[in-house]
Amino acid sequence: MEHIENDKQYNGLTVNSGVAQPPVVNPYLKKRRKTPLPTSGELVEGIIKGDITTLSRAVTLVESLSPAHQALAQEVIEKCLPHSGRSRRIGITGVPGAGKSTSIDVFGLHVLKSGGKLAVLAIDPSSERTKGSILGDKTRMEKLSIHPDAFIRPSPSAGSLGGVARKTRETIVLCEAAGFDNIFVETVGVGQSETAVHSMVDFFLLIQLAGTGDELQGIKRGIMEMADGIVINKADGDNIARAQLAQTQFRSALHLFPTPASGWSPEVLTYSGYFELGIPEVWDMIDRYFAFVMKNGYFEQKRAQQARYWMYETIDEQLRNHFYHNPEIEKMLADKEMRVLANLQSSFTAARDVLDTYFDKQ
Ligand code: GDP
């Protein structure tokens with residue numbers, strides 16, 4: 001069509017005819033086919049060979065919410081189970097800023113010096129930081145992230161603590177089958193995630209800081225009770241004396257607790273992650289712990305208890321999901337909630353009505 005500005009009234013101006021707008025989608029582009037899911041056999045074979053790409057892929061399936069992925073993941077886990085269990089699982093906790101990433105970086109390198117492979121996993125259900133940000137976590141552990149024998153995986157993205165923790169528990173199985181003989185599970189020492197980590201590790205390390213006045217303030221008693229070792233970080237420069245004072249305070253506080261079921265009395269050490277001071281001593285403590293609990297049988301006993309714990313946790317989680325994701329129950333709950341809030345029905349009869357409806361359907 002002739003352009004309107006090529007009319008006489010716009011003399012002195014010629015507008016060339018334009019080029020047709022290209023289509024938004026490149027017609028020459030081949031339709032991308034979805035890569036089919038690998039079989040569980042292929043995944044297991046790759047994992048056992050220690051192939052990191054396959055391991056990552058399987059972990060992604062474990063983390064996926066899709067029922068097809070979940071079914072495949074469960075098959076893979078089941079087949080990996082006989083190849084798992086032969087690692088040292090170490091939980092590491094501390095408030096943000098305590099120096100967890102700096103310390104894991106140096107602890108990790110120290111462990112790898114004597115060979116083997118290390119996986120660093122995390123449980124952080126609240127965090128936006130870790131939401132799919134592998135890079136974020138990798139840059140936090142600069143040296144480990146480029147180490148060929150280290151595998152760093154951030155926390156499964158935000159969800160219920162139980163769900164996030166179960167995924168990490170399952171990832172441990174896959175990593176062990178892939179030959180990782182040291183597993184660190186990191187968590188932020190502020191909430192309930194410590195309990196979840198404690199229920200999947202052999203040794204629980206609490207990183208503390210000195211120099212904040214009353215050292216024991218703000219530390220939940222429960223977390224201290226779970227610790228097999230307390231380490232006071234940043235014992236460097238002007239901070240050494242304060243770190244030693246904190247060490248004395250923690251030691252006397254620990255005396256007030258009954259001896260743990262392991263029979264091992266938790267130790268308190270000082271170190272500096274940043275200046276790499278006292279690292280072999282921390283590791284020596286962990287080695288001694290493992291030797292101790294292997295000898296007295298507690299190691300096996302704790303693993304058995306943990307396996308039972310995870311069976312019940314998984315049942316709880318699945319029951320809850322089945323109940324709350326039932327469309328009829330969802331509708332009924334919304335209605336009952338309104339009635340309870342408006343004081344039209346008691347909480348108890350409302351709960352009973354909903355449960356009766358649910359169980360009638362089963
Ligand atoms: P996270 O939040 O627990 O992972 O802690 P980071 O490892 O990110 O450390 C928090 C801050 O403390 C960073 O600025 C580190 O450089 C610093 N830091 C960590 N370890 C030490 C240490 O041993 N000594 C000193 N002086 N600073 C440290």
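## Helix packing and the ligand shell

Helix α12 (residues 298-324) and helix α14 (residues 347-361) pack at an angle of about 95°, and their axes lie 11 Å apart; helices here are DSSP runs (H or I, at least four residues), numbered from the N terminus. The model is predicted, so that local features need pLDDT of at least 70 and side-chain atom pairs count only at pLDDT 80 or more, while totals for chains, interfaces and linings use all residues. Residues are numbered from 1 along each chain as its sequence is written, and side-chain values use heavy atoms, with hydrogens and water left out.

**The two helices**

- Because angles of 65 to 115 degrees count as roughly perpendicular, α12 and α14 are described as roughly perpendicular to each other.
- On the α12 side the contact (heavy atoms within 4.5 Å) is made by Leu-319, His-322 and Phe-323, and on the α14 side by Val-354, Leu-355 and Tyr-358.

**The ligand**

- The ligand is surrounded by 15 residues, and the closest are Lys-100, Ser-101, Thr-102, Lys-234 and Asp-236; a residue is near a molecule if one of its heavy atoms lies within 4 Å of it.
- Helix α4 (residues 100-113) gives the most to this shell, with three residues.
- A backbone N or O atom of Gly-97 lies 2.8 Å from an oxygen atom of the ligand, and a polar side-chain atom of Ser-272 lies 3.0 Å from a ligand oxygen atom, where a polar contact is a pair of N or O atoms within 3.5 Å.

Note on methods
Polar contact = N/O pair within 3.5 Å; in protein donor to acceptor, adjacent residues only side chain to side chain. Axes fitted to C-alpha atoms, helices over the stretch in contact; angles between N-to-C directions. Parallel < 35°, antiparallel > 145°, perpendicular 65-115°, else oblique.
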